[in-house]
Amino acid sequence: MRDEDKTRAQLLEELAALRRELDDLQAYADPEWRRQEKWRQNFRQLQEMLEGVVAVLGCRVPDLIEHQRRVTHLACAIAEEMGLSTAQIESLAIAGMVHDIGKVFIPLKILNKSGALDPAEMALIQAHPRAAHYILKDLDFDRPVAEIIVQHHERLDGSGYPGGLAGEDILLEARILAVPDVVEAMAYARPHRVNLGINTALEEISRNRGTLYDPEVVDACLRLFDRGFDFL
Ligand SMILES: [Fe+2]
């Protein structure tokens with residue numbers, strides 16, 4: 001149909017559609033919009049890929065989903081307190097929500113065992129960061145999410161696992177994730193560990209500040225609890 005044959009309403013509707021297209025083009029030119037769009041894509045991609053795995057994990061170890069959620073909440077609060085960038089905080093949010101996904105490979109009787117673990121069982125538990133890395137390594141994230149996860153049990157003095165990395169060889173986001181992981185695990189009961197309470201957990205990170213745990217991360221965590229932080 002030629003423009004002169006169109007009604008006023010049709011022309012107005014076409015004009016509105018053109019304006020919407022122009023708005024979309026302008027939005028796409030905005031780096032912040034593109035970053036947020038990439039973030040939304042990351043989450044959709046993650047959800048699709050991990051839905052099945054997380055569901056299996058959640059059925060096997062319901063506590064684990066809650067553990068990951070609480071750890072993520074505190075990790076993001078610490079990152080914000082330390083002034084990390086939005087992109088770093090977003091990558092921590094993704095890493096936190098799936099950081100123990102590698103436990104899907106660990107036999108249920110070991111995961112739910114009450115009492116001490118023998119060396120072979122401990123070795124299986126300690127394989128979970130590499131297993132998570134294996135699951136996540138090919139996902140296209142802006143930040144190295146799989147690396148953050150594989151390093152979340154590394155310790156500042158090199159005594160952690162699986163790589164025995166030390167100091168700044170450990171990614172900052174992994175040094176952050178390590179602290180809420182320990183605090184949450186101590187503050188909430190596990191099959192093989194009683195609930196020691198939040199005060200004992202905070203004493204643990206204070207005592208090992210600068211040896212096992214990054215001092216800046218510990219300080220940020222303690223400041224948050226001083227100001228009344230609570231796990232949601
Ligand atoms: Fe873990």
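Here is a short tour of this predicted model, stop by stop, with what to select and what you'll find there.

**Before you click**

Residue numbers start from 1 along each chain, following the sequence as written. Since the model is predicted, local features need pLDDT of at least 70 and side-chain atom pairs count only at pLDDT 80 or more, while totals for chains, interfaces and linings use all residues.

**Stop 1: the whole chain**

Show the protein chain as a cartoon. You'll see 11 helices and 0 strands (DSSP runs numbered from the N terminus: helices are H or I with at least four residues, strands are E with at least two). The radius of gyration is 23 Å, well over the 17 Å that the globule rule gives for 232 residues, so the chain is more spread out than a compact globule. That radius is taken over C-alpha atoms, and the rule is 2.2 Å times the number of residues to the power 0.38.

Of the 232 residues, 28% count as buried (20 or more other C-beta atoms within 10 Å of the residue's own; 12 or fewer is exposed, in between is partly exposed, and C-beta atoms are placed from the backbone). Among contacts between residues at least 6 apart in sequence, 64% join residues at least 24 apart; a contact here means backbone-placed C-beta atoms within 7 Å.

**Stop 2: the nonpolar core**

Next, select Ile78 and Val179. Of the 41 residues in the largest nonpolar core, these two touch the most other members. Such a core is a set of buried Ala, Val, Leu, Ile, Met, Phe, Trp, Tyr and Cys residues joined through C-beta atoms within 7 Å. Several helices supply at least two residues each, including H3 (62–81), H4 (86–98) and H11 (215–226), but H9 gives the most, with 7. Around Ile78, leaving aside neighbours within four places in sequence, look for contacts including Ile176, Val179, Pro180, Val217 and Leu224.

**Stop 3: H9 against H10**

Now pick residues 172–187 (H9) and 198–207 (H10). They pack at an angle of about 145°, with axes 8 Å apart. Axes are lines fitted to C-alpha atoms over the stretch in contact, and angles run from 0 to 180 degrees between N-to-C directions. On the H9 side, the contact includes Val179, Val182 and Met186; on the H10 side, Ile198, Leu202 and Ile205 are among them.

**Stop 4: His67**

Go to His67 in helix H3. It counts as buried because 20 C-beta neighbours lie inside 10 Å. Not counting residues up to four places away in sequence, His67 touches Asp100 and Glu184.

**Stop 5: Ala87**

Hop to Ala87 in helix H4. With 14 C-beta neighbours inside 10 Å, Ala87 counts as partly exposed. Its contacts, leaving aside neighbours within four places in sequence, are Arg35, Asp142 and Arg143. Glu173 sits 86 residues from Ala87 along the chain, and their C-alpha atoms are separated by 11 Å.

**Stop 6: a cis bond**

Finish at Pro162, in the loop between H8 and H9. Show the backbone here: the peptide bond from Tyr161 to Pro162 is cis, with omega near 5°. Most peptide bonds are trans.

Notes. Two residues are in contact if their C-beta atoms, placed from the backbone, lie within 7 Å.
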